Amino acid sequence: MPFEYYSTRSSDTPVSFEQAVIQGLAPDGGLYLPETVSNPPADFLNSWKDLSFQDLAVEIMSLYIPESEVPRADLRSIVEKSYSTFRSKDVTPVIELNKEKQLYLLELFHGPTYAFKDVALQTLGNLFEYFLSRKNANKAPNASDRDVITVIGATSGDTGSAAIYGLRNKKDVNVFILYPTGRISPIQEQQMTSVLDDNVHTVSVPGTFDDCQDNVKTLFADVAFNDKYHVGAVNSINWSRILSQMTYYFKAYFALNTKEKVTFVVPSGNFGDILAGYYAKEMGLPIDLVIATNQNDILYRFLKDGSYSKDPEVHATLSPAMDILVSSNFERFLWHAVYETVAKKNRAEAGKVLNGFMSDLKTKGTFTVPQEVLQKARSIFSAEHATDSDTIDAIRTTYTELLPKYVVDPHTAVGVHAALVMQKADRINTEKVVVLSTAHPAKFSEAVTKALDSESSFNFENDVLPEEFKKMMLAETKKIFANDTSAEEIKRIVTATLGY
Ligand SMILES: *Cc1c(COP(=O)(O)O)cnc(C)c1O
């Protein structure tokens with residue numbers, strides 16, 4: 001049997017890597033997991049240490065993708081193509097933030113949209129293209145039986161542009177991104193609407209982000225619509241995104257040129273980024289992991305007492321890409337923790353326990369895990385949270401003290417805050433600490449300006465704004481205006497735009 005993927009909520013009907021990527025979510029509502037955490041070669045700490053980002057990505061991804069599905073040479077070209085769009089030759093460089101504190105930043109924002117989601121969405125787009133072109137190889141260019149994917153997503157700002165740049169110009173893929181009119185920043189709107197490729201459609205919806213999100217859910221659940229358009233998701237539950245993100249933990253560890261353990265502090269929302277770190281750790285990379293959250297701190301609270309409880313509503317913070325009620329990918333970690341403890345390595349039992357958790361979450365907004373599961377989680381993660389004023393302070397401290405004149409974005413600042421607080425309280429057990437820097441500061445001008453306006457030496461346009469953004473703000477744009485917030489209206493737009 002080639003390597004397969006199982007849902008977190010059941011033990012039967014495994015799927016191939018291709019199915020897991022194309023479907024995104026399992027039909028039972030669960031998330032796809034690899035059948036095992038794969039082991040790298042025994043001497044990987046030595047044999048992989050000088051590899052380029054691309055070479056490492058091929059080594060790591062091929063542990064989870066059978067050769068029979070994607071031959072190594074094809075995987076290599078997917079990887080090369082995906083990271084050719086990055087502005088740094090190291091793809092995800094590590095910089096020293098402060099020598100005395102041995103603090104480092106892992107800069108993940110050198111992709112086309114200046115946010116860490118590019119690392120995963122560039123590969124996801126190329127995997128979609130690869131699988132579709134194989135299915136359509138013997139069909140005429142305009143044949144009606146071609147396999148297609150219609151990606152429909154909602155964005156409150158950041159994810160939409162990364163998805164668009166991952167999917168632009170991909171054959172047999174159309175992408176519709178819904179966003180709330182007037183509620184995303186002008187830079188974010190311009191980043192999406194200035195992509196003029198024929199297969200990219202941005203839809204401005206006269207409502208809130210939740211209205212957009214609800215529409216996406218409705219369209220996914222609409223069987224007839226789905227049969228016709230093959231709705232696809234690229235949100236952070238897609239396994240291939242987690243897989244692509246593992247590479248930079250290895251790359252950063254090797255960049256530090258150490259034999260000691262290293263702590264990674266990860267600004268977290270949906271738990272995708274740090275979950276990749278969990279897999280890296282399970283694969284043998286000697287690392288500790290810290291979850292850094294903003295005021296939406298369900299993960300922080302979980303580690304305190306083992307109860308996973310939704311807040312009544314989302315707090316709007318200065319780090320909006322982490323404004324979540326629940327962290328979808330946490331389900332994957334919970335599955336592993338349950339499987340290894342209370343389920344006694346029985347897949348069916350673990351699926352049953354997870355089903356119970358998730359149904360309680362749905363009906364009661366909360367569930368509590370058994371002590372063994374909480375202990376397991378605590379043995380892997382610690383957590384810290386930041387208020388908006390902590391975030392502002394961390395941007396300022398970075399600029400004035402840690403690395404003079406260096407500007408971090410507010411999401412990264414949540415991580416910097418966590419690292420500083422935990423170092424001070426002696427809650428970090430390694431000398432070196434790496435904070436994942438998840439976005440370029442130019443994308444979040446409000447928080448950055450608020451933090452640094454009082455610094456006489458600071459000038460947003462000169463110090464932060466990339467030339468490319470200045471040009472982009474003047475570029476031609478296209479967008480579709482929805483007449484109302486209903487799902488019917490979105491369906492009408494999709495049908496009218498695609499013409500079938
Ligand atoms: C998405 C995002 C995060 C959170 O990552 P998760 O994988 O959802 O935990 C943090 N920072 C930025 C800038 C993001 O876009």
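Visitor: How far is the side chain of Lys117 from an oxygen atom of the ligand?

Guide: Happy to start there: this is a predicted model, where local features need pLDDT of at least 70 and side-chain atom pairs count only at pLDDT 80 or more, while totals for chains, interfaces and linings use all residues. Residues are numbered from 1 along each chain as its sequence is written, and side-chain values use heavy atoms, leaving out hydrogens and water. A polar contact is a pair of N or O atoms within 3.5 Å; within protein, one must be able to donate a hydrogen and the other to accept it, and residues adjacent in sequence count only if both atoms are side-chain atoms. Between an N or O atom in the Lys117 side chain and a ligand oxygen, the distance is 2.5 Å.

Visitor: And how much of the ligand does the protein bury?

Guide: The backbone also takes part: a polar backbone atom of Gly269 sits 2.7 Å from a ligand oxygen, and a backbone N or O atom of Gly272 is 3.1 Å from one. On its own the ligand exposes 390 Å², an accessible area from the Shrake-Rupley method with a 1.4 Å probe (for residues, only the protein chains shown count as cover). The share of that area buried by the protein is 97%.

Visitor: How many residues in the shell around the ligand are charged?

Guide: The ligand is surrounded by 15 residues, where near means that a heavy atom of the residue lies within 4 Å. The closest are Lys117, Gly269, Asn270, Asp273 and Thr438. With Ala, Val, Leu, Ile, Met, Phe, Trp, Tyr, Cys and Pro taken as nonpolar, Asp, Glu, Lys and Arg as charged, and the others, Gly among them, as polar, the shell has 6 nonpolar and 6 polar residues, and the number of charged ones is 3.

Visitor: Is helix 11 largely enclosed or open, and how many of its residues are buried?

Guide: Helices are DSSP runs (H or I, at least four residues), as are strands (E, at least two), numbered from the N terminus. Buried means under 20% relative accessible area, exposed over 50%, and partly exposed in between (1.4 Å probe, protein chains only). Gly272, Asp273 and Leu275 are among the buried residues of helix 11. Helix 11 (residues 272-282) is largely enclosed by the rest of the structure, because the buried count among its 11 residues is 10.

Visitor: Is Thr13 buried or exposed?

Guide: Most residues other than glycine have a negative phi. Thr13 has a positive phi near 40°, and its place is the loop between strand 1 (5-7) and helix 1 (17-23). Since its relative accessibility is 60%, Thr13 counts as exposed.
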